[in-house]
Amino acid sequence: ISPKYKFFREQGLRPERQLPSALIIGVKKGGTRALLEFIRIHPDVRAAGSEVHFFDKNYMKGFQWYRSHMPATLEGQLTIEKTPSYFITREAPRRVQLMNPSTKLLVVVRDPVTRAVSDYAQAVSKKPEMRRFEQLVFVNGSVGSIIDTSWGPVKLGIYSRYLARWLKFFPLSQLLFISGERLVLDPAIELKRVQDFLGLKRVVTEKHFYFNSTKGFPCLFKSEGHSAPHCLGKTKGRSHPYINPVVLQRLRDFFRPFNNHFYQMTGINFGWA
Ligand code: A3P
């Protein structure tokens, strides 16, 4: 318990739960857990630990239910939640707007080709008998045929389609796009952008990170609930299966026009090949 909380408790004051004013809405396998763990180091940020799935699965339970799943905050602290499926949920933009039209939206995006492989790697880890990526990615299972856009790992990578839905309800200025690639290469730079966007002091800096060469990812010196250095869990930064390079190239070609459209919509070139 922090001295601040102790003080409040002694004064008989109870921290309150608030609905989130910022959401990490996606994308699945983009690096959403890393972003949440990094931003919650900030003393003015309080985060719901697990994915609440309010705007997709639990919406009918109501805003009181949602609020009860938020951590307690003191005045001036910002509440944040992350559920990556919000980005692709048709009803989510309208529902978030209804909660609070000034909600700040954070989207971690990653090259849709590696994102697809990452998504597949996660699925295989739960269901080892799954068919190979190279089969599932094509409509009739072979390189000669067309890409199966109804297959989740492919479908979710067409970011422009989902973004268009959000832009019907929110101005572009209320969304911040974080490069999943840069979040790995230089987390401090991305965190600076995030803190500025959220109107927070720049507290989370390069001093908080170190590169763990065994894990191959940036890890934290210390953070909320951890006094020792630590990395994200084993399910973050999995090794990816070998995928036939011809298939990867087909996928890259497939995503190119959608990526370009996404760059136009956001005004950012993410540099995916
Ligand atoms: P891989 O496991 O495919 O490498 P999400 O949290 O949205 O599910 O995203 C998971 C991805 O976050 C991981 O995908 C990994 O590449 C990325 N990531 C970004 N920063 C990370 C970090 N510091 N430690 C571990 N994974 C990180």
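Leaving aside neighbours within four places in sequence, which residues is P20 in contact with? I get M70, T79, I80 and E81, where contact puts two C-beta atoms, placed from the backbone, within 7 Å.

Before going on, I note that this is a predicted model: local features need pLDDT of at least 70, side-chain atom pairs count only at pLDDT 80 or more, and totals for chains, interfaces and linings use all residues. Numbering starts from 1 along each chain as its sequence is written.

**P20**

I find P20 in the loop between β1 (16-17) and β2. P20 has 25 other C-beta atoms within 10 Å, so P20 is buried. My cut-offs, with C-beta atoms placed from the backbone, are 20 or more others within 10 Å for buried, 12 or fewer for exposed, and partly exposed in between. I also checked P20 against M99: they sit 79 residues apart along the chain, and their C-alpha atoms are separated by 9.3 Å.

**The sheet**

I traced an open sheet of five strands, in the order β3-β5-β2-β6-β7, with parallel pairing. Its edge strands are β3 (45-47) and β7 (175-179), each pairing on one side only. From one strand to the next I get an average twist of 25°, using axes fitted to C-alpha atoms (for helices over the stretch in contact) and angles from 0 to 180 degrees between N-to-C directions. Pairing takes at least two DSSP bridges between two strands.

Is β7 enclosed or open? Largely enclosed by the rest of the structure, because four of its five residues are buried.

**Helices**

In α4 (residues 92-99) I marked A92, P93 and V96 as buried. They fall within an arc of 100° seen down the axis, so they line one face of the helix; the arc is that of the directions from the helix axis to the C-beta atoms. R94 and L98 are exposed, on the face turned away from that buried side. The buried residues of α4 pack against β2 (22-26) and α8 (159-166).

Next I followed α8 to α11 (residues 245-266): they pack at about 30°, with axes 8 Å apart. Y159, S160 and L163 of α8 meet F258, H261, F262 and M265 of α11. I sort that contact into five nonpolar, two polar and no charged residues, counting Ala, Val, Leu, Ile, Met, Phe, Trp, Tyr, Cys and Pro as nonpolar, Asp, Glu, Lys and Arg as charged, and the others, Gly among them, as polar.

Most residues other than glycine have a negative phi, and most peptide bonds are trans. I then logged a cis peptide bond between G26 and V27, with omega about -5°. K29, in the loop between β2 and α2, has a positive phi near 70°. H53 shows a positive phi of about 50° too; I place H53 in the loop between β3 and α3 (62-68).

Conventions. Helix = DSSP H or I, 4+ residues; strand = E, 2+ residues; numbered from the N terminus.
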